[in-house]
Amino acid sequence: KCEKWYTKSKKILYSELNEQILSDGAHYELSIMYHSIILDRLLDCINAIKNNVIFDTQNELYIFLMEKAIKMLGWLESIIYKDGSIPLLNDTACGVAPSPIELFQYAKRLELSWTKIELKDSGYRKFETLQLEILVDIGRIGPDYILGHSHADTFTYELKINQTSFVVDTGISTYNKNKRRQYERGTSAHNTVSVNSSNSSQVWGGFRVGKRAKVSVLKDDPQCIIAIHNGFGNIMHKREFIFNKQAITIKDDLLGKIKEGCGYIILSPEVKLISIDNASINTNFASIIFNYSNRIQIENCEIAYEYNSLKQTKKICYFFDNHFEYTIIPNL
């Protein structure tokens with residue numbers, strides 16, 4: 001009887017892990033929180049085999065689980081920030097899954113070793129210098145048949161300056177099907193662009209997605225990324241990220257006939273605004289230089305690092321016609 005259940009469980013694990021773990025080690029729902037939950041349970045499976053006399057650690061299941069765990073550990077180490085914190089992309093909140101350091105310590109107790117993996121299939125890209133860390137999203141929003149934890153956040157990003165958050169994601173504070181949940185999944189809650197106040201992918205019903213943005217990557221180099229998506233129907237959004245040691249430049253193009261586009265930059269609560277005009281914003285961490293804006297507007301908003309907890313902060317809204325660009329320059 002035990003052999004029957006073992007054989008059945010092994011078949012399910014092979015099938016699901018081969019499907020759910022992408023080639024760069026990410027969990028296919030593209031949430032760091034759920035990635036960490038799955039990794040924790042995978043380490044439990046390895047622990048159970050390793051410390052149970054009925055299992056042989058040279059068997060094919062043990063080796064398979066080890067290979068998947070090592071890839072997931074490599075991806076997690078590549079995606080987190082230098083201070084060990086996690087990006088809050090898609091449905092991710094702090095304090096739910098084990099922290100990266102807890103997972104790394106658990107894996108080391110199981111005598112696993114791993115190295116960072118190049119971010120690829122997950123659609124995330126990372127650029128780092130001594131002063132800057134930026135994580136950008138140029139991938140699909142998730143697997144077509146299970147998008148419950150996906151957001152309309154195509155081309156969003158997060159930015160840290162000297163290991164302090166500067167541009168942040170709104171995060172998630174609730175799973176209730178309410179206005180807050182709808183907002184947190186929507187485009188205006190992310191550091192990207194909206195057209196006619198619409199979402200780049202049709203998020204609805206708390207955990208549903210209708211029509212979703214399709215992304216084409218035009219350039220994918222360490223210092224420059226260019227991608228385009230069709231989430232606004234006949235109007236295409238092209239975004240270019242240019243990275244160097246001194247600054248980050250982001251260029252937005254809306255291809256098609258529009259009245260006006262609106263982009264968002266959500267600032268960390270630690271950021272203090274010093275001066276504001278249509279050409280630039282100066283803060284305690286960096287200056288943001290704008291080109292081709294119709295107008296710049298500052299809004300109050302709330303972000304969530306954890307469930308059921310909101311923090312007040314500021315959101316920059318920039319309005320433009322077909323082309324806009326801005327450069328973030330850290331203070332010396």
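Which residues does N284 touch, not counting residues up to four places away in sequence?

Author: First, the ground rules. The model is predicted: local features need pLDDT of at least 70, side-chain atom pairs count only at pLDDT 80 or more, and totals for chains, interfaces and linings use all residues. Residues are numbered from 1 along each chain as its sequence is written, and side-chain values use heavy atoms, with hydrogens and water left out.

N284 touches E270, V271, K272, I274 and N331, leaving aside residues up to four places away in sequence. Contact here means heavy atoms within 4.5 Å. With E270 there is also a polar contact: a polar side-chain atom of N284 lies 3.2 Å from the backbone oxygen of E270. A polar contact is a pair of N or O atoms within 3.5 Å; within protein, one must be able to donate a hydrogen and the other to accept it, and residues adjacent in sequence count only if both atoms are side-chain atoms. P330 is another residue to check. N284 and P330 are 46 residues apart in sequence, yet their C-alpha atoms are 9.2 Å apart in space.

N284 is partly exposed, at 35% relative accessible area. The cut-offs are under 20% for buried and over 50% for exposed, with partly exposed in between (1.4 Å probe, protein chains only).

Where does N284 sit? It lies in the loop between strand 14 (280-283) and strand 15 (286-291). Strands (E, at least two residues) and helices (H or I, at least four) are DSSP runs, numbered from the N terminus.

Two strands pair if DSSP finds at least two bridges between them.

Strand 9 (224-232) runs antiparallel to strand 10, joined by 7 bridges. There, I228 stands opposite K238. The hairpin of strands 9 and 10 has 2 residues between the strands, and G233 takes a positive phi near 70 degrees. Strand 10 (235-243) is joined to strand 11 (248-255) by 8 bridges, again antiparallel. K238 faces D253 across that pairing, and F241 faces I250. The hairpin from strand 10 to strand 11 passes through 4 residues.

Two other loop residues deserve a check on backbone geometry. Most residues other than glycine have a negative phi. Y292 has a positive phi of about 70 degrees although it is not a glycine. It sits in the loop between strand 15 and strand 16 (295-306), and it is exposed at 55%. Q163, also not a glycine, has a positive phi near 65 degrees. Its place is the loop between strand 3 (157-161) and strand 4, where it is partly exposed at 43%.

Strand 1 pairs with strand 2 (132-137) over 5 bridges, and L135 is the bridge partner of K126.

There is helix too. Buried residues of helix 2 include L39, L42, L43, I46 and I49. The buried residues of this helix pack against helix 1 (2-20), helix 3 (60-79) and helix 4 (100-109). S31 caps the N-terminal end, with a side-chain oxygen 3.3 Å from the backbone nitrogen of M33.

Finally, the whole chain. The protein chain has 5 helices and 18 strands. Its radius of gyration is 21 Å, close to the 20 Å that the globule rule gives for 332 residues, so the chain is as compact as a globular protein of that length. That radius is taken over C-alpha atoms, and the rule is 2.2 Å times the number of residues to the power 0.38. Buried residues make up 53% of the chain.
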